[in-house]
Amino acid sequence: MPWWVIGDGSFPRASVGDDVEVFAELITGTSSRLNRAVTAFAVPAYGMAPRESGDGRRHWWHLLYGEGWSAGWWSDAPRSGRVAVEGYFVATLGNDPGGPVAVRGRVSSLQSVQVRLDPIEGGGRREAGDTESLTEMNEIPVEFESFSFPNDGLAHRGVTGVLVDLELGDPPTDRPSFDPGAVDAGAGVVWVMHRSDPTVLRIDSRQDPPVVREFVLPLPIEEPSGDFTRRVHATDNGCWIVGIHDVHRVVVDGEDVVAVERVCVGGGQPSVLRDGQVYVFGSTSDRLVADRRHGMIRRTADAEALWVCDPATQSWREVTDRQTVFEVRRQGRRPDMVADADGVQWMSGRRGVLRRSGDETTAVDLGGAVTGTAVWVQPRPEDDPATAALLADITVGARFVYAPGADDDPEPGCFTEGNAEFERAERS
């Protein structure tokens, strides 16, 4: 556990016996006394650019999976399948959406790690390999000793982190808690989208206590990049769900049933619902972004500052009217906070779903959520007028005739026995 991860607050001030979770990376290719033999299953991080170390060697990011744990790993060659390597695990901040999942376990021991810090010509110090010494401790320290050593050209020893042993134990049997993302309210109902999973909550705030229904939608699981992978917009009879890749409409059909239909392919963030239409904002200026495949790149501004989802054509149409652009963009808001028609404020975050009325803030109990049914209304390309010409080009008529020979009597129970449609049918 490096000192900077602890100082950042990303790892709790844990003591022996506490249950914790941590994101880990396996460090290999060093002569550390902390090294151990590790056998795991390696999966390349497809589409991710390699990085180059100071000595010119290139490394590719992989995900490792072991018995009850996962970790990231920079390998000096592409690997796939079972691997056996030597190294040690280091805690990371876990802010990579394509990185490993958190490891959960119980702290069985804590030891401070002290290493020799050799002076570097021109100033500064670096850790010397194979010089670690360990000292037992009972809890994670609040702060570390200062690294301000005298500039005397000599080596000094300093504490650089804490070695944490975790007992992974048995896999959890409890259902994972709901991780709330975007929220919106309308018609006496509050909708809360999961931060990553295709799960949405429908909270009937007209009842006391509020009645919570959970719907698992036929949508992909999104990478939990940031706090909001999808945004939700409430309507009188359901909600709209807008992501980077698509837009879906959810319509309530009874107390425990919703119908889900994809309206537009492609999406964007942030989004706004105005007069029954879904808008997404475009970028109005060039910007630098960290790209998974290419590293730091310049992304040019979008052609238009605003786009609207057109259900008739199931596509996006640019908005050029300046007044409309102004009115829609000024309606943008935080996706994790909304006020309903009664002035009650609803918030979502790491502490769950909160309801604030006046000076009183209460947490909504999500544990007793009723599981509803989501009906998938799948779009048919042949129903889209825009694809009619394409289907005409690739569709041909054909006649299939089944003419059995003298010795080709179908067996009893065979699907061809007495099947006139099979014996003579015309198909496209």
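A salt bridge here is a side-chain nitrogen of Lys or Arg within 4 Å of a carboxyl oxygen of Asp or Glu. Keep that rule at hand for the exercises below, and remember that the model is predicted.

**Exercise 1. Charged partners**

Task: Find which residues are linked with Arg 213 in a network of salt bridges, then work through three separate pairs and say how accessible their members are.

Solution. 

Step 1. Start with the network: Arg 213 is joined with Glu 255 and Asp 256 by salt bridges. The count for the structure comes to 19 salt bridges.

Step 2. Take Asp 130 and Arg 33, whose closest N and O atoms are 3.3 Å apart. With a limit of 4 Å, this pair forms a salt bridge. Asp 130 sits in the loop between β8 (125-127) and β9 (133-137), while Arg 33 sits in the loop between β1 (19-28) and β2 (36-44), so the contact ties together parts that are 97 residues apart in sequence.

Step 3. Check the accessibility of this pair. Asp 130 has 39% relative accessibility and counts as partly exposed, whereas Arg 33, at 55%, counts as exposed.

Step 4. Now look at Arg 206 and Asp 204, whose side chains meet in a salt bridge at 3.0 Å, N to O. Exposed means over 50% relative accessible area and buried means under 20%. Arg 206 is at 55% and therefore exposed; Asp 204 is at 6% and therefore buried.

Step 5. Finish with Asp 336 and Arg 334, which form a salt bridge with their closest N and O atoms 2.9 Å apart. Asp 336 is buried, with a relative accessible area of 14%.

**Exercise 2. Ring geometry**

Task: The structure holds two aromatic pairs. Classify each one from its geometry, and place its residues in the fold.

Solution. 

Step 1. Recall the cut-offs: planes under 30 degrees apart count as stacked, over 60 as edge-to-face and the rest as tilted.

Step 2. The ring centres of Trp 61 and Trp 74 lie 5.0 Å apart with the planes at 50 degrees, so this pair is tilted. Trp 61 belongs to strand β4 (residues 58-66) and Trp 74 to strand β5 (residues 69-75), 13 residues apart. Both Trp 61 and Trp 74 are buried.

Step 3. For Trp 69 and Phe 89, the centres are 5.1 Å apart and the planes stand at 70 degrees, so the pair is edge-to-face. Trp 69 is in strand β5 and Phe 89 in strand β6 (residues 81-92), so this contact ties together parts that are 20 residues apart in sequence.

Step 4. Compare the burial classes: Trp 69 is buried at 19% relative accessible area, while Phe 89 is partly exposed at 33%.

Step 5. Arg 329 lies over the face of Phe 281, at 4.6 Å from the ring centre.

**Exercise 3. A surface patch**

Task: Say which residues make the nonpolar surface patch of about 310 Å², and locate Leu 93.

Solution. 

Step 1. The patch is made by Trp 3, Trp 4 and Leu 93.

Step 2. Leu 93 is found in the loop between β6 and β7 (103-119). Its relative accessibility of 36% puts Leu 93 in the partly exposed class.

**Exercise 4. Strand pairing**

Solution. 

Step 1. Follow β11 to its partner: β11 and β12 (residues 189-194) pair in the antiparallel sense over five bridges. Here Gly 186 has Val 189 in β12 as its bridge partner.

Step 2. Move on to β16 (residues 238-243) and β17 (residues 246-252), which run antiparallel and are joined by five bridges. These strands form a hairpin with two residues between them, and Val 242 stands opposite Val 247 in β17.

Step 3. β17 also pairs with β18 (residues 257-265), antiparallel and over seven bridges, with Val 250 opposite Val 260 in β18. This hairpin has four residues between the strands, and Gly 254 takes a positive phi near 100 degrees there.

How values were computed
Residues numbered from 1 in each chain as written. Predicted model: local features only at pLDDT ≥ 70, side-chain atom pairs only at ≥ 80, totals over all residues. Heavy atoms only, no water. Pairing = 2+ DSSP bridges. Phe/Tyr/Trp six-rings, centres within 6.5 Å; stacked < 30°, edge-to-face > 60°. Buried < 20%, exposed > 50% of the residue type's maximum accessible area, 1.4 Å probe, protein only. Lys NZ or Arg CZ within 6 Å of the ring centre and 35° of its normal. Patch = residues over 30% accessible without salt bridge, like charges linked within 9 Å, V, L, I, M, F, W, Y side chains within 5 Å. Areas by Shrake-Rupley, 256 points an atom, 1.4 Å probe, with all protein chains shown as cover.
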